[in-house]
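Have the sequence and the 3D view open as you read.

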Amino acid sequence: MTDLTTMTPPAIDAILNDLGHQRAKLVNRVEGLRRAARQARTGRYPDPAHATKLETQATQYEPQITAITDQMQPYNNEFDRRGGWTRAFLVQSNSGHVHKSMSCSTCYPSTRYAWLTDYSGKDEEQIVYAAGELGCTVCYPSAPVNVLTRVGEIRRPTDLEREQRAAEKATAAAERAAAAIIDPNTGATLYKTGRAAMNAIAIALDNLRWYGDDHPSADEWHRTVDTAVTALAAKQGIDKDAAMTEFQQRADKKFATTARKRLREHHQREGSIVVEDLVPGLQAWVREHGIPA
Ligand SMILES: [Zn+2]
């Protein structure tokens with residue numbers, strides 16, 4: 001048997017809290033069964049047999065409840081033997097406060113509490129300081145205003161969750177902002193990521209190679225390439241012209257590979273190639289390189 005006289009108030013209250021929860025769960029179940037039994041006995045469609053069955057079920061929980069009460073007794077006795085100690089309870093709601101007992105006049109019989117057993121046995125000033133803005137002014141009437149207006153270390157789970165969500169949102173927004181490609185002149189977001197900017201550049205350069213500068217969209221493709229490369233180079237701190245050259249070379253290589261393949265397929269299919277019928281980009285390529293074998 002543990003020596004209760006050497007146990008700390010937090011250790012004793014943690015056990016009482018745990019046993020109390022187990023007992024409350026059983027008491028709830030019994031109350032539910034008794035309510036249902038009453039309903040079955042006196043309701044609109046009485047069913048005495050069912051009522052008896054429910055009452056029997058309720059009675060079967062009683063030994064368990066008594067056993068837990070007995071288990072709690074020595075801990076309660078130790079509390080009494082020491083003349084009691086301070087305790088703190090946090091009301092479980094969005095606006096819950098810290099109280100020194102579960103019978104505070106500002107609360108209701110239905111109020112649900114979390115027992116802050118870590119604070120059991122602490123000086124009242126320490127508890128009030130830890131509770132900060134959550135301290136109940138009825139329970140702690142002498143608490144200084146400057147203590148009751150600051151955020152203490154005791155926090156409501158609902159507040160912590162809200163702060164957690166806000167922090168996650170801020171992190172996500174910061175990550176999005178860090179990834180975004182911004183027009184250095186206007187500050188406008190051009191692309192959500194560097195990858196998206198690179199794709200846009202590659203597509204516009206490819207279009208220019210296939211359809212040439214006479215295409216109605218050619219100006220737009222040139223603008224896209226220019227603004228995207230400028231923004232990307234600014235973001236990465238690299239030289240714009242060097243970046244542009246690299247993109248152009250990459251686009252040339254891709255176009256040459258595809259052009260060669262297309263022309264070969266075309267030749268195999270048709271037996272000959274009429275250069276004037278080709279898209280402008282292929283015409284230009286043939287003029288420069290001839291028809292591939
Ligand atoms: Zn109170």
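How many salt bridges does the count come to? It comes to 15 salt bridges, a salt bridge being a side-chain nitrogen of Lys or Arg within 4 Å of a carboxyl oxygen of Asp or Glu.

## Before we start

This is a predicted model, where local features need pLDDT of at least 70 and side-chain atom pairs count only at pLDDT 80 or more, while totals for chains, interfaces and linings use all residues. Residues are numbered from 1 along each chain as its sequence is written, and side-chain values use heavy atoms, with hydrogens and water left out.

## Some of the salt bridges

Let's begin with Asp13, which pairs with Arg87, their closest N and O atoms being 2.7 Å apart. This pair links distant parts of the chain: Asp13 sits in helix 1 (residues 9-42), and Arg87 is 74 residues away, in the loop between helix 3 (62-81) and strand 1 (89-91). Helices (H or I, at least four residues) and strands (E, at least two) are DSSP runs, numbered from the N terminus. Asp13 and Arg87 are both buried. Buried means under 20% relative accessible area, exposed means over 50%, and partly exposed is in between, with a 1.4 Å probe and protein chains only.

Next come Arg34 and Glu62, whose side chains meet in a salt bridge at 3.0 Å, N to O. They too link distant parts of the chain, with Arg34 in helix 1 and Glu62 in helix 3, 28 residues apart. Arg34 counts as partly exposed because its relative accessibility is 32%, and Glu62 counts as partly exposed at 33%.

Glu78 is buried, at 5% relative accessible area, whereas Arg81 counts as exposed at 54%. Salt bridges with shared partners join Glu78, Arg81 and Arg82 into one network.

## The zinc site

Which residues donate to the zinc ion? The protein donors are His99 (ND1), Cys104 (SG), Cys136 (SG) and Cys139 (SG), at 2.1 to 2.3 Å from the ion. Donors here are N, O and S atoms within 2.8 Å of the metal (3.2 Å for Na, K and Ca), and water is not among the atoms, so sites may look incomplete. The four donor atoms subtend angles of 99 to 116° around the zinc ion, so the arrangement is tetrahedral; for four donors, that label requires all angles to lie between 85 and 135 degrees. For reference, the ideal angle for four tetrahedral donors is 109.5 degrees.

Along the sequence, the zinc donors are spaced H-x4-C-x31-C-x2-C. Cys104 lies in the loop between strand 2 (98-99) and strand 3 (113-115), and Cys136 in the loop between helix 4 (124-131) and helix 5 (145-148), so this pair ties together parts that are 32 residues apart in sequence. Cys104 is buried, with a relative accessible area of 7%, and Cys136 is buried as well, at 4%.

Seven residues of domain 1 are in contact with six residues of domain 2, where contact means heavy atoms within 4.5 Å.

About 620 Å² is buried between domain 1 and domain 2, and carbon and sulfur atoms give 57% of that area. On the domain 1 side, Pro10, Asp13 and Asn17 lose the most area to domain 2, together 60% of what that side buries. Buried area is the accessible area (1.4 Å probe) that two parts lose on being put together, summed over both. The count between domain 1 and domain 2 is one salt bridge.

## Two more spots to look at

Ala200 is found in helix 7 (residues 194-211) and is buried, with a relative accessible area of 18%. Leaving aside neighbours within four places in sequence, Ala200 is in contact with Tyr191 and Thr224. The C-alpha atoms of Ala200 and Thr224 are separated by 7.4 Å, with the two residues 24 apart along the chain.

Lys253 lies in helix 9 (residues 240-270) and counts as exposed, at 63% relative accessibility. Its C-alpha atom is separated by 84 Å from that of Ala40, 213 residues apart along the chain.

Note on methods:
Tetrahedral: all angles 85-135°; square planar, octahedral: opposite > 155°, others 65-115°.
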